[in-house]
Amino acid sequence: PICLKVFEEKTSGKLATDDRPDLLNALGYIREGDLLTVHEVDRLGRNLLEGLIVLNDLFQQGIGVKVLEGIAAGEHTERSLILDIALALAEDRRRDIIRKTKNGLDAARARGRVGGRRPVVDDDKRAAILDRRKRGESIRTIAAAVKVSVGVVHKTLADAQLAAAEGNPR
């Protein structure tokens with residue numbers, strides 16, 4: 001099958017339809033009699049209600065949906081039990097991913113592990129950044145001299161200012 005226009009979305013399907021500009025562009029482009037092709041039905045939304053609303057709107061406008069993979073693979077011109085089940089399963093998978101991720105993070109914390117990158121700024125670099133700023137050096141000059149990004153310098157200065165405001169000189 002040939003697609004007349006391709007909308008490639010990189011945004012997470014867990015977001016609301018209104019927060020997915022590529023999906024909104026695709027929905028605004030298609031007209032009555034067209035066929036919207038999606039890889040899996042969960043690309044219309046991993047939230048059951050959002051997915052059903054999108055499907056209902058499409059079907060009411062006379063637009064069909066072609067699903068390439070999954071249990072709902074095929075062409076659909078009206079709501080069906082298989083579409084509803086596919087959306088419900090997608091929502092359940094999403095909920096399962098969130099639960100497993102949370103459990104894994106909790107287990108890591110219990111073992112004393114903390115997520116994220118190791119801090120770029122140690123005490124020596126922090127002292128150098130603050131000292132150079134006191135001498136009036138620009139943030140870019142400090143970043144180049146200490147070999148960190150401009151953002152790291154900004155964050156270090158902001159953290160120091162916040163700590164001083166709270167009476168916690170660090």
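Begin by selecting K147, which in this predicted model has its place in the loop between α5 (139–146) and α6 (150–165). If you look at the backbone of K147, you will find that phi is near 65°, a positive value in a residue other than glycine. Is K147 buried or exposed? With a relative accessibility of 71%, K147 counts as exposed, because the cut-off for that word is over 50%.

Next, select F59, which you will find in helix α2 (residues 48–60). F59 has a relative accessible area of 14% and is therefore buried, as buried means under 20%. To see what surrounds F59, show G64, V65, H76, T77, E78, R79 and L83, which F59 touches when residues up to four places away in sequence are not counted.

Now turn to helix α3 (residues 81–110) and select L89, which lies in it. L89 counts as partly exposed, because its relative accessibility is 40%.

For the last stop, select K5 and Y29, and turn the view until you see the ring: K5 lies over the face of Y29, at 5.8 Å from the ring centre. How many aromatic pairs does a search of the whole structure find? The search finds one aromatic pair.

How values were computed: Residues are numbered from 1 along each chain as its sequence is written. This is a predicted model: local features need pLDDT of at least 70, side-chain atom pairs count only at pLDDT 80 or more; totals for chains, interfaces and linings use all residues. Side-chain values use heavy atoms; hydrogens and water are left out. Helices (H or I, at least four residues) and strands (E, at least two) are DSSP runs, numbered from the N terminus. Buried means under 20% relative accessible area, exposed over 50%, partly exposed in between (1.4 Å probe, protein chains only). Rings of Phe, Tyr and Trp (its six-membered ring) pair if their centres lie within 6.5 Å; planes under 30 degrees apart count as stacked, over 60 as edge-to-face and the rest as tilted. A charge sits over a ring if NZ of Lys or CZ of Arg is within 6 Å of the ring centre and within 35 degrees of the ring normal. Contact means heavy atoms within 4.5 Å.
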